[in-house]
Amino acid sequence: MPPPCRRCSGLLMSKLRASSSENASDYDMNALFQVIMDLGRLPEACYLGESSRQYLRDTEVSMKELEYAQNAVGEFGEDNRAGIEGTLHRISAIRNREGKVVGLTCRVGRAIRGHIDMVQDLLQYGKSILFVGRPGVGKTTVMREIARVLSEELQKRVVIVDTSNEIGGGGDVPHPAIGGARRLHVSEPLMQHRVMIEAVENHMPEVIIVDEIGTEADVNACRSIAERGVMLVGTAHGERLKNIVENPTLLVLAVVLLIDLVIRQEQRSEKGKFVVIWGRRVGVLAARSSCGGVGSGAASDHRMKIQSSSISVYALLPLIGGVETVILGDQEARTRKCRKTILERKAPPTFPFCVEMRKRHYWVTHRTDRSVDLLLQGKKPLVEDGQRTSGPVLKRPGIGQEAWALHGLGFAKRTGTKHLVANLVHKWQFVAPKLQDGFYLSAFVGAGLPEAKTIGRISATFKGLYLGLRSEAISILNKAFPELDILEQDCEEMSWIESVVYFSGLGKGSTISDLKDRYFRDKKYFKAKSDYVRTQIPLSGIKAALDILEEEPKGYVILDPYGGVMEKISSKSIAFPHRQGNLFSIQYLVEWKEEEDNSKNKDRTTDNGAVEMARVWGEKYFLENNARLVRAKTHIDPYNVFRHQQGIPPAATTLKAEDMR
């Protein structure tokens with residue numbers, strides 16, 4: 001039996017201890033979750049996994065055995081919980097009406113290193129994180145490991161508000177699993193919020209960790225701590241962020257409808273307005289007439305009991321920004337294509353990140369503000385989906401209805417004057433291809449850039465994407481490319497799919513939903529060609545190119561850096577060969593709107609099946625891969641059913657023209 005389980009078995013009398021060790025031999029004791037001892041019932045062990053329960057013997061638990069265990073534990077707190085000194089185990093008691101213990105739940109606690117690998121990158125942001133999940137998914141284990149990582153690896157001043165001694169273990173000396181974090185005891189569960197404020201005022205922490213946020217007082221304490229600039233890491237019971245957003249709203253609407261029904265049944269003639277308020281006593285809702293206080297009318301005497309779980313969910317609502325009803329004007333409602341009365345997020349969330357622990361090894365991470373806004377609009381939130389397997393952590397597209405989002409940073413910097421542009425573009429050649437793999441920095445150069453305010457004047461726009469923190473991006477770029485002088489206001493944090501909108505060219509104010517709109521109202525035509533650069537262009541050559549671009553206001557160039565991962569892929573690995581050995585690509589673009597000019601600017605390179613004619617450009621574009629592509633085309637599509645003016649034709653075909661119609 002592993003040491004943690006051995007310490008827990010000390011609560012059992014010798015006979016029960018012997019039978020539990022014997023019967024547990026067929027099970028993985030590292031998967032032992034808890035031991036249940038209820039008076040008059042068979043003792044049982046619960047394990048993680050499919051075969052989750054096992055009876056430890058065939059005789060019932062006696063009162064003598066419960067008293068033995070209770071004496072071994074000592075005094076229980078007001079929350080009927082106790083710990084075993086020097087361990088992470090938790091013992092919870094069930095009492096009868098007289099207060100006598102008639103059942104025990106012995107929860108096995110363990111310190112598991114590496115258990116937060118799915119969210120460890122979030123800790124470096126310094127932003128507050130809320131973990132939600134049903135009991136048993138490992139929230140407390142996560143808090144313990146986060147305390148260690150923040151205090152030891154990131155060298156933060158961490159204080160744990162340990163209400164039930166579950167995070168730091170029983171006894172006065174905290175368990176080594178929390179690293180260098182300090183631990184504050186809480187004498188009574190209802191005093192948790194006071195100890196949270198005490199931690200900030202007396203001990204100057206950079207991070208506060210608190211388990212099981214559930215009361216209105218806890219929520220207010222969290223908001224106060226966040227306003228002081230202290231990072232919070234907390235847990236709350238609940239399945240998903242969606243439950244916190246939607247349940248309280250539905251609850252209030254249900255009460256309004258019920259009050260309305262009562263009024264109709266009583267056939268009141270007065271047309272008074274009623275609002276719903278939360279009573280100060282937990283679990284009570286009251287209806288108050290706008291014509292008077294409580295007790296001024298028949299309907300005001302009606303009260304209804306609400307389940308405590310619903311109240312708990314309502315109490316958590318301010319942590320994610322709260323919800324309020326907003327009445328829109330007619331024009332705004334038409335613009336948004338929605339009703340005039342809508343629900344919106346009331347304020348910034350206390351916890352910028354929310355992690356749903358669906359299972360022990362399957363977590364979903366939200367940017368709280370964006371997910372709440374989307375949920376209130378009836379849309380699917382964008383999330384990062386992490387799953388731990390026997391190998392490394394997989395972060396992949398969400399399972400089910402969710403979409404995937406990577407947190408990144410997009411930024412842009414515009415410059416002017418031809419001399420400055422020439423020097424910046426020249427320096428860009430030496431910097432952009434050598435930036436680390438998670439950094440992308442492109443350059444748009446010309447006299448007619450889409451975002452330029454003045455046509456005919458040379459300008460450059462540097463657009464970038466970095467998968468990481470804003471501070472890291474600014475630091476990296478200002479060291480490698482100080483001439484750009486990137487500032488914090490030049491950078492914007494966004495999800496991966498939002499970056500697609502950012503680089504799509506759809507225009508300012510476009511949203512993710514615009515990506516699905518394939519109809520361009522402002523129809524434009526363009527022609528583009530590419531070159532691939534293997535050695536840096538001298539400054540004199542760049543200045544000469546700018547002189548040419550200055551004379552063509554409808555044209556501009558896009559410089560896309562290679563290097564990084566592109567440098568690791570050989571030209572023969574896949575069909576597109578221009579990777580290894582190239583510093584960057586140059587796209588030459590000309591745009592116009594006149595439809596009558598469109599027919600004059602099409603490349604007509606080949607006719608169907610004209611392999612020799614296609615080889616002229618094919619070998620330039622695909623290099624040595626052209627012959628392989630012709631063979632593949634001939635094998636897969638010998639009749640050239642899927643054809644394009646610049647497509648690869650098959651080697652030969654006997655198909656007649658009328659057969660292809």
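Which residue lies over the face of Phe 444? In this predicted model, Lys 463 takes that place, at 4.8 Å from the ring centre.

**View 1. The whole chain, for orientation.** The protein chain has 661 residues, and 42% of them are buried. Look for 17 helices and 28 strands as you find your way around. Of the contacts with a separation of 6 or more, 61% involve residues 24 or more positions apart.

View 2. Six aromatic pairs turn up in a search of the whole structure. One of them is Phe 131 with Trp 363, an edge-to-face pair with 6.2 Å from centre to centre and 80° between the planes. This pair links distant parts of the chain: Phe 131 belongs to strand β7 (residues 129–133) and Trp 363 to strand β18 (residues 362–367), 232 residues apart. Both Phe 131 and Trp 363 are buried.

View 3. Glu 166 sits in the loop between β8 (158–162) and β9 (182–185), while Arg 90 is in strand β5 (residues 90–95), so the pair ties together parts that are 76 residues apart in sequence. Why does Glu 166 count as buried? Its relative accessibility is 9%, and buried means under 20%. Arg 90 is buried too, at 11%.

**View 4. Lys 340 and Asp 330, a salt bridge with partly exposed ends.** The closest N and O atoms of Lys 340 and Asp 330 are 2.8 Å apart. Lys 340 is in the loop between α10 (330–336) and β16 (341–345), and Asp 330 is in helix α10, so this bridge ties together parts that are ten residues apart in sequence. Lys 340 counts as partly exposed at 40% relative accessibility, and so does Asp 330 at 43%.

**View 5. Lys 427 reaches Glu 483.** These two side chains meet in a salt bridge, 3.0 Å from N to O. Lys 427 belongs to helix α12 (residues 418–431) and Glu 483 to the loop between α13 (470–480) and β25 (491–494), so parts that are 56 residues apart in sequence are tied together. Both ends are partly exposed: Lys 427 at 25% relative accessibility and Glu 483 at 45%.

**View 6. A nonpolar patch on the surface.** Leu 467, Trp 496, Val 500, Leu 506, Ile 512 and Leu 515 make up this patch, which has about 430 Å² of accessible area together. Trp 496 lies in helix α14 (residues 496–504) and is partly exposed, with a relative accessible area of 38%.

View 7. Ile 648 is in the segment after α17 (625–636). Is Ile 648 buried or exposed? It is buried, with a relative accessible area of 17%. Beyond its neighbours within four places in sequence, Ile 648 is in contact with several residues, including Phe 622, Leu 629 and Val 630.

Definitions and conventions:
Residues numbered from 1 in each chain as written. Predicted model: local features only at pLDDT ≥ 70, side-chain atom pairs only at ≥ 80, totals over all residues. Heavy atoms only, no water. Phe/Tyr/Trp six-rings, centres within 6.5 Å; stacked < 30°, edge-to-face > 60°. Helix = DSSP H or I, 4+ residues; strand = E, 2+ residues; numbered from the N terminus. Buried < 20%, exposed > 50% of the residue type's maximum accessible area, 1.4 Å probe, protein only. Lys NZ or Arg CZ within 6 Å of the ring centre and 35° of its normal. Patch = residues over 30% accessible without salt bridge, like charges linked within 9 Å, V, L, I, M, F, W, Y side chains within 5 Å. Areas by Shrake-Rupley, 256 points an atom, 1.4 Å probe, with all protein chains shown as cover. Salt bridge = Lys/Arg side-chain N within 4 Å of Asp/Glu carboxyl O. Contact = heavy atoms within 4.5 Å.
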